[in-house]
Structure formats: structure tokens, C-alpha cells
Amino acid sequence: MRMRIGTTMTDVLPVTVTVILPTRNEEEALADTVDAIPRDWCENLEIMIVDGSSTDRTREIALEKNIRVHLEPRKGYGRAYRTGFVVAKNDIIVTMDADCTYPAELVPKLVKKLIDDDLDFITCDRLTLAEEGSMSGIHGFGNWGLSFTARLLFGYGIKDSQSGMWVFRKSIFDNENMRPTNDGMPLSEEIKILARKHLGKQKAIEISTPYRPRVGEAEIHTWGDGWKNFKFLYAKRFGMNKTLTDWGPLPDNPDSINGDLPEQK
Ligand SMILES: Nc1nc2c(ncn2[C@@H]2O[C@H](COP(=O)(O)OP(=O)(O)O)[C@@H](O)[C@H]2O)c(=O)[nH]1
Ligand SMILES: [Mg+2]
């Protein structure tokens, strides 16, 4: 097969990939986020949302786009991933927000790098290449402060501790110590800390990728989430972080592959 130009690739990669998008009321941005993900570049590509009981058209849009919908009624960004990581059916997992901020067009290249360089985990740093308007001054400052604190407490040298785009092998969770415990936004910094700690700097790397302005309104509570992230870093550092819910989905979470979503009845 021939190399196409730019961000797309040539040969079909001999791997299976699940792209997980956590969603909570993302009807404005979901369709464009899904459409931006390249197709037909790996053996099997599963695209799914883990939806936190959206009250808008998010789940309907996902079904219209023919992607998988897993409904996780328990609240939280981290909770969505602690479920998605288990229900994802493929070997390599890619994560992104469903708000058009992350460079979906780079997914094949990032997966290729994971394989070619025999890596276990890639996190995408947004701070170096952030586009105008993608991060407000206060968020930029908060991000820097949190990343600085994370570096100080853990010394793992991650530039962007809050990035939500990761590319990794699902098998990293075979080691139970690699499973993040936080059900909220702090899961983002936690997974990077765990990756550096348990996989090491050679296997868990950070790459700078573009970051764009959000489509649709964020539910993030700047001060509240910032403070929770900050507290989490200290709790984690001193072994005082608690797991409130179990790893994996509830047995009766609706999933479009079982045909039992409210929208499918
Ligand atoms: N399932 C689920 N998804 C969530 C929840 N909170 C946020 N999200 C999603 O997680 C992603 C990150 O949230 P976002 O508001 O973009 O946070 P920010 O990028 O840190 O400003 C988005 O795709 C949200 O729709 C939640 O409680 N449950
Ligand atoms: Mg976002």
C-alpha cells in the first residue's frame, strides 16, 4: 500500500485499537470529534463513548454515528475511564475528550509510534503547541501550577500533568498497581504518575501535540477541580488517596452492543 500524505498512513497496522471518549452533554462537539478520527488504518478500530448520563442528544448522536455507547451512570471523568478501560475490547487504547480539542488526526501516527518504538504509554503534552484561545489564562496557569507540583512531588518529569490524550496498551492494567483509583478529574494526573512509576521513562513517554479551542461548554469548575487535583497530588504522594468505587463497570451498565440503552428500546 502507498503512503498518503500528512497525518494519514500507509499500511494497515497489525493491531486492534479502541478510542474511548468520555462524554457528559457533548451534543455540540461529539459528531465532529468522531468524524475527525481516521478510519481503516488498523486491523480493528472500535470507537466508543462512555457516557455519564447525558441529558442532551449525546447518546443519540453517537448511535447515529455508528459508534459504541456504554452508559456509566456513576458520575465523574475518572469513573468513566475506570469503566471504559475494562469494557474496551481492543488491545491498544486511545483517549480524548469529546470536545474537538485534541488532534484526532494524529491517532494513527501515535499508535504507530507506540508499536514501532515498543512503548507502553504515550501522553500528549498540550502546553507546548497549544493554539490561541485553547486554554484561558487561568487554566494555563492552573495547569502549569499542577504540573509543577506533580514534578516536585513525584519527580517523574511530566510537562502537562492534566492532558487527557493517552495512547497505551490495555495490558498495562494486568498489573493491578497500574489501575488508577480516582473517579474525578485527578485520574488524568494519576495515570501519568503510575505510568512513569511502574512502566518507567523508557516505556512511558510524553509527546507534544496540538491543542485547540473547545466546541461546546465545559462543565469543569475551574477552582473546584483545580483544588481537587492539587489535594489529590498530596494524598497520592503520601499514600492517603482512597478508592471509592471498584475497577470496571457495573454488571448492568447499558451498552449499545447489548442493545439495552434507553435510546434503543
Ligand atoms: N462520562 C462522563 N464524562 C465526563 C464527565 N465529566 C466530564 N466528562 C467528559 O470528559 C471530557 C473532559 O471534560 P472537559 O469538560 O472537556 O474538561 P477539560 O478539558 O479539563 O476542561 C469531556 O469529553 C466531557 O464530556 C462525567 O462525569 N462523566
Ligand atoms: Mg476538554
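**Exercise 1. Find how many bridges join strand E4 to strand E6, and which way the two strands run.**

Solution. Start with E4 at residues 92-95 and E6 at residues 166-169. Three bridges join these strands, and they run antiparallel. For a landmark, look at Val94, which stands opposite Val167 in E6. Keep in mind as you explore that this is a predicted model.

**Exercise 2. Work out the strand order of the sheet, and say which strands stand at its edges.**

Solution. Step one: trace the seven strands in the order E3-E2-E1-E4-E6-E5-E7; the sheet is open and its pairing is mixed. Step two: look at the ends of that order. Strand E3 (68-71) and strand E7 (204-208) each have a single partner strand, so one side of each is left without a neighbour in the sheet. Step three: follow the twist, which averages 20° from one strand to the next.

**Exercise 3. Decide how helix H5 is oriented relative to helix H7.**

Solution. Take H5 as residues 137-154 and H7 as residues 222-237. Their axes come within 10 Å and cross at roughly 5°. Angles under 35 degrees count as roughly parallel, so H5 is roughly parallel to H7. Next, pick out the residues making the contact: among them are Ile138, Leu146 and Phe154 of H5, with Gly226, Phe230 and Arg237 of H7. Sorted by class, this contact has seven nonpolar, six polar and one charged residues.

**Exercise 4. Describe the shell around ligand 1: how many residues surround the ligand, and which are the closest?**

Solution. Count first: 19 residues surround ligand 1, the closest being Pro22, Arg24, Gly52, Ala80 and Asp97. Then sort the shell, which divides into eight charged, seven nonpolar and four polar residues. Last, see where they come from: strand E1 (13-23), strand E2 (42-51) and helix H3 (77-87) each supply at least two.

**Exercise 5. Find where pLDDT stays under 50.**

Solution. Begin with the whole chain, which averages a pLDDT of 93, with 96% of the residues scoring at least 70. Now turn to residues 1-6: here pLDDT stays under 50, and the model has six contacts beyond four places in sequence for this stretch.

Definitions and conventions. Residues are numbered from 1 along each chain as its sequence is written. Chains are lettered from A and ligands numbered from 1 in the order in which they are written. This is a predicted model: local features need pLDDT of at least 70, side-chain atom pairs count only at pLDDT 80 or more; totals for chains, interfaces and linings use all residues. A residue is near a molecule or strand if its C-beta atom, placed from the backbone, lies within 6 Å of it. Helices (H or I, at least four residues) and strands (E, at least two) are DSSP runs, numbered from the N terminus. Ala, Val, Leu, Ile, Met, Phe, Trp, Tyr, Cys and Pro count as nonpolar, Asp, Glu, Lys and Arg as charged, and the others, Gly among them, as polar. pLDDT is the predictor's confidence in each residue, from 0 to 100. Two residues are in contact if their C-beta atoms, placed from the backbone, lie within 7 Å. Axes are lines fitted to C-alpha atoms, for helices over the stretch in contact, and angles run from 0 to 180 degrees between N-to-C directions. Angles under 35 degrees count as roughly parallel, over 145 as roughly antiparallel, 65 to 115 as roughly perpendicular and the rest as oblique. Two strands pair if DSSP finds at least two bridges between them.
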